[in-house]
Amino acid sequence: MEISAQEKYEFKRLLDELRSKSGRGTELISLYIPPDKQISDVMAQLREEHGQAANIKSKLTRTNVQSALESAMARLRLIPRAPENGVVLFIGAVDIGGNRTDMYTKVIEPPEPITTYRYHCDSSFLLTPLEDMLSEKKTFGLIVLDRREATIGILKGKRIEPLKHLTSTVPGKQRKGGQSSHRFQQLRLIAIHDFYKRIGEAANDAFLSIDPKELQGILIGGPSPTKEEFVAGNFLHHELQKKILDAFDVSYTDEAGLSELVEAAQDRLLDLELTQEKLAMRRFMKELVSDKGLASYGEKEVRQNLALGAVDLLLLSEELRKTRVKVRCQNQSCDYTDERTRTSSSPAIGICPRCGSPLTITEEVDLITELSQLAEQSGAAVKIISTDFEEGAQLLHAFGGIAAVLRYKTSHR
C-alpha cells in the first residue's frame, strides 16, 4: 500500500533523526526482522551476542554493547511475533557531547515489508534498507531529438537525470557543388537513418538496465517529422518500443529539452508525485496574479485562514525545518501561556512577559505535521512540495514555505 505524502514526510524526518546519531566504535545496533522471522530465533542470537560481548576489552564499550543488547531483548519480549511488514530496532549508546553518551532506542514498523534479516553493529545506524523504501521507483525514459542532436535521460520520481548527449553528422539541406541533387538526398537520408540508429542503441543501453517493473514508459520529444520518423522506424529494442507512450513537440533537444518534454507530457504523468506538485503550485501561482483574492501565503496569514476554515489547498515546503511549541510560565501563580514557531537556531524561550519568571516548553510538534492536522480538521487538501523544481524552490524561498489556495476571499492574504 502506497504511503501518503504526510507519512512519507514524517518517515523522512525520522530517518534524518536516525542519521544524526553516532556512537563510539561499533556500539550502535540495527536490527531488521522480516515478518516471517521467529522472534525466538532473534532472541537466541542476541543472547549469544551478549555472551560474546563479555570479551570486549574496553569496559565502557563492553557495558554499552551489553546494555544495548539487553534493551533490544527487553523490547522484543513485548513483540510476540513480527508485524505484517516486519520490525526494525535501532538501539545503542549515542554520543550527546561533553564526552557523554545516552542510551537511544527507536522501534519502527516500516512502510514496506522487510525481505532480509540483518543484525548490524557500527558507529552509525544502518539506514539503507529504509532509504530504499522511500526512493521513487516509477521511472520514465526520455528522448529528445532532431537531426542535429539528441539527449537521452530518465524521469525518476521528481528528478530528471540526463544520461547521454549525441550529435549527428547529417549534412545540411544545401548540397555542395559537384553533387547531384538525388545523390545528395540519398547520402543525407542514410546519415539521418544512421543517427536514429545511434540514438536507439544509446537509449537501449540506458533503458534496458532499468527494472521493467519500474520503467513505466518512454516519452519522445522533438520537432515534426523527426520524432514521428524515429518512432515509426522501430529504432528501439522491441521491448522498449512497446513502452513508447507518446511523442510531443518540443523546441530544444539538449538538457532543457528533457524538462520541456516532461512539461509537455503532464497529462500522461498525472499520477506522478512531481506532476501533482507542479499542478498544485501552478494553481496557487494562477490565483496569486488574479484579482479573486484566493491566494494566501506566510505562516500567520495561512494559519488565520485555516482557523476560519477558508483553506481549500494547503501547500507546505518539504524543507520547512520548524517546530510549533506551547510554552507556559514556570511560576505556579501565573497563568501565562503562548504558542510559537521555532527553528533549531531560535534563541532561548526567555522569560514570562507578565511576571518575569522563566518560561518552559510544554509541547513541541513538527510544523508541517501541526499545520497538516489543522488542514484536515477543515477538510482542506494538503500537498507537501519538494524543492526539486523551480516553483517548489520558489515556495520555500519567496513564500516562506507555506501557502494556500482559499475557498473564498478573506482579509488574511
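Does threonine 369 count as buried or exposed, and at what relative accessibility? In this predicted model, threonine 369 comes out at 11% relative accessibility, so it counts as buried, given that the cut-off for that label is under 20%. The residue is found in helix α11, which covers residues 367-377. Leaving aside residues up to four places away in sequence, threonine 369 touches Gln6 and Glu10. With glutamate 10 there is also a polar contact, side chain to side chain, at 3.3 Å.

Now for the sheet. Five strands make up an open sheet with mixed pairing, and reading across gives the order β7-β6-β5-β8-β9. The edges are taken by β7 (159-167) and β9 (244-248); each has a single partner strand, so one side of each is left without a neighbour in the sheet. Going from one strand to the next, the twist averages 20 degrees.

At the β9 end of that order, the pairing is with β8, residues 215-221. These two strands run in the parallel sense and are joined over four bridges. Among the residues involved, glycine 221 has phenylalanine 248 of β9 as its bridge partner.

A helix packs on this sheet as well: α5, spanning residues 181-207.

Conventions
Residues numbered from 1 in each chain as written. Predicted model: local features only at pLDDT ≥ 70, side-chain atom pairs only at ≥ 80, totals over all residues. Heavy atoms only, no water. Pairing = 2+ DSSP bridges. Axes fitted to C-alpha atoms, helices over the stretch in contact; angles between N-to-C directions. Contact = heavy atoms within 4.5 Å. Buried < 20%, exposed > 50% of the residue type's maximum accessible area, 1.4 Å probe, protein only. Polar contact = N/O pair within 3.5 Å; in protein donor to acceptor, adjacent residues only side chain to side chain.
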